[in-house]
Amino acid sequence: MKKIVLALTLMLCGLTFYAQQVKFEEYDLPNGLHVILHQDNSAPVVATTVMYHVGAKDENPDRTGFAHFFEHLLFEGTENIGRGEWFKIVSNNGGQNNATTSDDRTYYYEVFPSNNLELGLWMESERMLHPIINQIGVDTQNEVVKEEKRLRVDNQPYGKILEVVKKDIFKKHPYRWTTIGSMDHLDAATLDEFLAFNKKYYVPNNAILVVAGNIEVDKTKKMIADYFGSIPQGEKIVKNFPTEDPITQTINSKATDPNIQIPAIITAYRTPSFKTRDARVLDMISTYLSDGKSSVLYKKLVDEKKMALQVLAINLSQEDYSTYIVFGLPMGGTTLDQIVAEIDVEIQKIQTDLISENDYQKLQNKFENQFVNSNASIAGIAGNLATFHMLYGDTNLINTEIEIYRSITREEIRDVAKKYLNANQRLVLEYLPESK
Amino acid sequence: MKTKFFIPLFLLFIGLTVNAQIDRSKQPKPGPAPEIQLGKPQTFKLNNGLKVLVVENHKLPRVNISLTLDNAPYLEGTKAGVSDVFAGMIGNGTTSISKDAYNEEVDFLGASINFSGSGAFANTLSKYFPRVLTLMADGTLNPLLTEEEFQKEKDKMIEGLKTDEKSVTAAARRVEAALAYGKTHPYGEFVSEETVKNITLQDIQTFYQNFFVPENAYLAIVGDVKFEDVKKLVESNFSSWKIAVAPNVSYSIPKDVQYTQINFVDMPNAVQSEIAVENLIKVKLSDPDYFPLLIANNILGGGANARLFLNLREDKGFTYGAYSRVGNDKRYPVRFVASASVRNAVTDSSVVEFIKEIKKIRDEKVTADDLKSAKAEYAGSFVMSLENPQTQARFALNILTENLPQNFYETYLAKINAVTVEDVQRVAKKYFQADHLRIVITGKATEVLPGLQALNIPIFYFDKYANPTENPLTKKTETVNISTDEILEKYFKAIGGREKAVAVKTIYRKGSAVGAAPFPILFDIRSMTPNKEVQTLSAEGMGTLQKVSFNGESGYQEAQGQKKVLEGEELAKQKASRPIFPELFFKAEGYKLSVEGVEKLDAGDAYKVKVTSPDGKDTYRYYGKESGLLLQTEDTMEMQGMSLSQTEELSDYKEVNGVKIPFVSTSTVGPQKIKVVFSEIKINEGVSEADFN
């Protein structure tokens, strides 16, 4: 049976939980570039990755989609890498590469057989030092990004849910728009604006370089100094995002989608940053509610009462705020209200009673399994190291975050549910088929 | 037990980097090739036929278990979906553990066990491995298949189908496979609400008994385990699995289309067209052509460095990505598919580029650079795949199931490296068809079809379940309750009465068409009952451009000074034509008329009347529902299996000698549209017999 995959990938929130004991070493170059090295010689692989602390939330409200667009532009070439050569160089050397943009950061990576470490460093340093940003690239990528939006959002069933949720949950904070942004804004953007964006954000003091895999540490440090040391430092970046007013009354909203036949019901709550302990408690609550066949919502709504085809609780965590989303697809004659009512009963139970010792132990086992699997590949470890340092402010969380989860009590689960998951603090979105 | 060997990597790259001072204008050279280790799993076999592969890897405290049933594909036919419903039911309890207890325990251990119609996969922390293996074995050998679960899964499946009902991509994937293989082949059939409804619990039990058998079963266990422990555990958990062999039915081998064609599926909600250019190929992993084919496909559409991506995305910006792929299968042909999702406006242009790239890789040798790059990509991904311990198990499983030589993967890089540019061209010609391509396009007809029609590729239409259908742009008709006699009577009444029409012996029409050519084309048309007609097209200062003259018995066609006598079919057509009110002649001359329905034309609702000539040729005439007037005629011509319609819209009726005659005629043939406005029309004057000689 096919599962419905929500287009939540656009948001690319930090779904990194924790890691196995990962040894690493970190330091700063004089120009402010933070470097993290992780040596693991068990496989002939090396990952060279750079994360920039710039995402959709750093955009001008009239230029949404800029950060993601920029990610596309930075594959167009550099002073020493011709236009169209980037992918060729990677392939010609047996590597793989890509990049992703979220509301909080932009991440570029290459994974090569380990004899191409220097090549990876050269490419990323080229991109940081002197990318070529010109009108040809802007024009081409403008079309490509539009196709990306059509592919992932406009042509996909349930593709616009996130857009609607964000708009209703955030009124002031720039999380209110989507990462892919507005095509009109991108059409209006000038080359000068792109150049200014590069100058401001794509600087070593706003970036982290992670090198992980089969490396010799001393040699690697020297190469990093050679390739990145001369890149000039940029101006200090001050971030000052508005604070949202608390939601005190239920927000009722409706949206339509021409690509669907079965409506969906979404409830969404604004919750705190993934850096907080509360956010981690909410992770546990969403696992309790909907992860696995014995989870309370699945068991009750899908299995026993046959009211829903699918039900999901997702804690979409981000740097400044998170969004806690509960999503249901009704089955047969079930109304959307009935689904909300059933979900509320279970949330109220969490708010009132302690979950059972058995369920608590189940959560701990699930989080331990996730922890073990989260650092299973070199590329995965590189991404986690960068994320924990840049967005969480503590690289070692790759090893210690599991301890936070272990220390969360049943009482905290109850209290956090009580604090955030109340009917008057949420959005209720009816997501309906477009009527003809 | 464990055999390890070393293979020198990157025969392709030679060179060392010993530069003290960096020169960033030069691309760094790779260091010495890393040495790679290709371990082999330890194996054993149970008496019932189950083969077990064990890869010990203690890096992380986890274990993955996968059960693969290498059964022959099987057509589910009118019960398509039986394996899916079964997959939803199995793994929910066993004959000795209730469903709730089973699911609760799997979740409690933090593990996952997922079943499909052809196996199962589990992941667990190593400390819970023995229990998870036991649960998985019990689920496999003694599943709880109850009526209640059966109904539930069926209902969910039907509801689930609805969520994809309007999905353009889901429709596209379904039709692409169904058209390539046919709906009566296991690879072409698909699940629908009807087929799900046909399934009974007995079908589920039969499916289980037939296919969940150990003869072709492989159990791979990878991770933090000890071989001796695994052996004991597997023996105690799986030995009671009863010996049986799954059915092995053969199906006919599907064939490619006879000529390149577009297969169009209309999805009115589409904002992008799904394009899949496909043909069938027969290739197994063990075929010598397999490696050259991998390389040829890699160069054509294997990724971000391949031609399709560079052309359709990086150069033209038509799509977010364009790729091609080839599979491999030991039993049946697989598909070569080149595909992209492109915005509506560039659908036709994208088709042109796909065809161009496929032609190019067939007709021209790839460059040495292209070849080198493709080889490097494979070598790199091969090396990097070894990071994952499951790769070892996958390689070993392939050797067993695909009948490969033992050293297949040890010599993998050497085989990649041996491919030449000549090999690439040879396999491109053999496997990528030029004249037998099926181009499946799923998109919005109103926006993309006119462009596709102009490509001169025959188009066939299908609905989203791969059934042949009509051109979606042919306007829909509604059924009506009116006879053809009544329609014709209404028509004569509208133009001034049958007697007035009968009294018309000649018509003279003079007019011009603007826009069809850089200069106005002047029309002079003279007609006389029953079938005499001369049409002269001229232009100011250029004289006669074209003339067709027919005197009732013979005639000629003249263009640019060349004169051609009418003969054969053309002559017969002229003889049978009735330029003045053909409605007067239909009955007497044996034409058959029938009402097709009401259609919405630009000029309003009209009755569509099919006129079948005595020799069986159909044309259509549209009479205004309100006005009664003739609004449009339609002629269909067959060209290379493609139906090309020719329409003439008639408007601006004015009275001449008491009869209403259209003063504007707009003809459409394919993409061409000609609007003729008549400035002068005379009845029973201005035309003489002499005009037709």
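Reader: What follows helix 1 of chain B?
Author: Gly91(B) comes after helix 1 of chain B, and its phi is positive, near 85 degrees. Helices here are DSSP runs of H or I with at least four residues, strands are runs of E with at least two, and both are numbered from the N terminus.

Reader: Before we go on, where does the model come from, and how do the numbers work?
Author: This is a predicted model, so local features need pLDDT of at least 70 and side-chain atom pairs count only at pLDDT 80 or more, while totals for chains, interfaces and linings use all residues. Residues are numbered from 1 along each chain as its sequence is written, and chains are lettered from A and ligands numbered from 1 in the order in which they are written.

Reader: Thanks! Why is helix 1 of chain B called largely enclosed?
Author: Because six of its eight residues (82–89) are buried. Buried means 20 or more other C-beta atoms within 10 Å of a residue's own; exposed means 12 or fewer, partly exposed is in between, and C-beta atoms are placed from the backbone.

Reader: Which residues of helix 1 are buried, and what do they pack against?
Author: They are Val82(B), Asp84(B), Val85(B), Phe86(B), Gly88(B) and Met89(B). They pack against helix 4 (147–163), helix 6 (193–198) and helix 7 (201–211) of chain B. Contact requires C-beta atoms, placed from the backbone, within 7 Å.

Reader: How much of chain B is buried overall?
Author: Of its 693 residues, 38% count as buried. Chain B has 19 helices and 29 strands, and its C-alpha trace spans about 110 × 70 × 40 Å along the principal axes.

Reader: And how many residues does each chain give to the contact?
Author: Chain B gives 66 residues and chain A gives 64. Among the elements of chain B that each supply at least two residues to the side touching chain A are helix 1, helix 2 (99–108) and helix 12 (368–385).

Reader: Switching to chain A: what is the strand order in its open sheet?
Author: The five strands run 7-11-8-10-9, with mixed pairing. Two strands pair if DSSP finds at least two bridges between them. Strand 7 (251–257) and strand 9 (308–317) of chain A are the edges, each pairing on one side only.

Reader: How many bridges join strand 7 to strand 11?
Author: Seven, and these two strands of chain A run parallel. Thr256(A) stands opposite Leu432(A) in strand 11 of chain A.

Methods: Two residues are in contact if their C-beta atoms, placed from the backbone, lie within 7 Å.
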